[in-house]
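Hi everyone, thanks for making time this morning. I'd like to walk you through one protein model, so please have a look at the screen.

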Amino acid sequence: AEYMGTSLAITPMASGVTVQLIERRTDPQDAKLTLVSDLSKFLPSDLRLDFDVQGFSLDKNFIGIALDGNEVQHIQSYQVQLRSLTVGYHLIRAFLIYADYTCVKTPQAYVEAEFYVNRSLVQLERPFMFGQPSIVVVLAGRLIDFYVHNCAISSRTYFVRITVDGEVVAEGDEWGTYEIMGAAPGEHRLRVTLVNTFGEEITTPKYNNVEHIIFLS
């Protein structure tokens, strides 16, 4: 993943909802996240994952954990306990997150792994294939952030489309943090999707097409 773009196209909505791009910080290039656990063996439904972090403190920061298509969980530990996992295929995605709930946007700050519960990892029937472009979204109040993997965000490759309550509010080719502006307090539906140069949304595998329910104050 790399950052190359600079533009943001905003689509006015009747509701007045827009997004604003927040100035991007300089990420630590030596920050590295490693999944230590071996997930290729026979695994139980209650599972502990062990991580190693270098060049990035967890004193106030987090590891973000996304299991399958679920919302990101924030942990301040080198271990996470997964309980009552269903039998079959699972995908774990993990990345480094700052105290303000925005993510470190460097290649070594992210890991992903496939595993099966109650059977060993095999190459058949995999709903997520390594090498495909992917996006995982981090939400905190009115802030929208995301980590992209196996693709670049730029005017020449992929861009992101932000949809609020079923209407497109912005399309951006900058890998950064966005803030929702003008949305009324209460519940809203949010989608952040990758779009290729043909204007096609990348909605498969299903983890790239998650609708988030957010509550704004």
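This is a predicted model: local features need pLDDT of at least 70, side-chain atom pairs count only at pLDDT 80 or more; totals for chains, interfaces and linings use all residues.

The protein chain has 16 strands and zero helices. Of its 217 residues, 49% are buried. Now take the contacts with a separation of 6 or more: 68% of them are between residues 24 or more positions apart. As for the surface, the chain exposes about 10300 Å², and carbon and sulfur atoms supply 50% of that.

Let's go inside. In soluble globular proteins, nonpolar side chains tend to be buried together. So which residues have the most contacts inside the largest nonpolar core here? They are Phe-95, Phe-146 and Val-192, in a core of 34 residues. Apart from that core lies another, of 28 residues, with Phe-51, Val-53, Leu-67 and Val-117 among them.

Let me stay with Val-192 for a moment. Leaving out residues up to four places away in sequence, Val-192 touches Ile-135, Val-137, Ile-144, Phe-146, Val-160, Ile-162, and also Arg-161 and Asn-208. Hold on to Val-137, please, as that name comes back in the next part.

Next, the empty space. Rolling a probe the size of a water molecule over the atoms shows where empty space is left.

Phe-215 is in strand β16, which covers residues 212-216. Is Phe-215 buried or exposed? Exposed, because its relative accessibility is 60% and the cut-off for exposed is over 50%. Leaving out residues up to four places away in sequence, Phe-215 touches Gly-186 and Glu-187. Its C-alpha atom is 8.9 Å from that of Arg-189, 26 residues away along the chain.

The other one, Phe-42, is in the loop between β3 (32-35) and β4 (47-54). With a relative accessible area of 52%, Phe-42 is exposed too.

Finally, some backbone details for anyone who likes checking torsion angles. Thr-204 and Pro-205 are joined by a cis peptide bond, with omega about -5°. Pro-205 is in the loop between β15 (186-195) and β16.

Then we have two aspartates. Asp-68 is not a glycine, yet it has a positive phi of about 55°. You'll find Asp-68 in the loop between β5 (62-67) and β6 (73-75), and it counts as buried because its relative accessibility is 15%. Asp-165 also has a positive phi of about 55°, and lies in the loop between β12 (159-164) and β13 (167-172). Asp-165 is partly exposed, with a relative accessible area of 30%.

That's my tour, and I'm happy to take questions.

Notes: Residues are numbered from 1 along each chain as its sequence is written. Side-chain values use heavy atoms; hydrogens and water are left out. Helices (H or I, at least four residues) and strands (E, at least two) are DSSP runs, numbered from the N terminus. Buried means under 20% relative accessible area, exposed over 50%, partly exposed in between (1.4 Å probe, protein chains only). Contact means heavy atoms within 4.5 Å. Accessible areas come from the Shrake-Rupley method with a 1.4 Å probe; for residues, only the protein chains shown count as cover. A nonpolar core is a set of buried Ala, Val, Leu, Ile, Met, Phe, Trp, Tyr and Cys residues joined through side-chain atoms within 4.5 Å.
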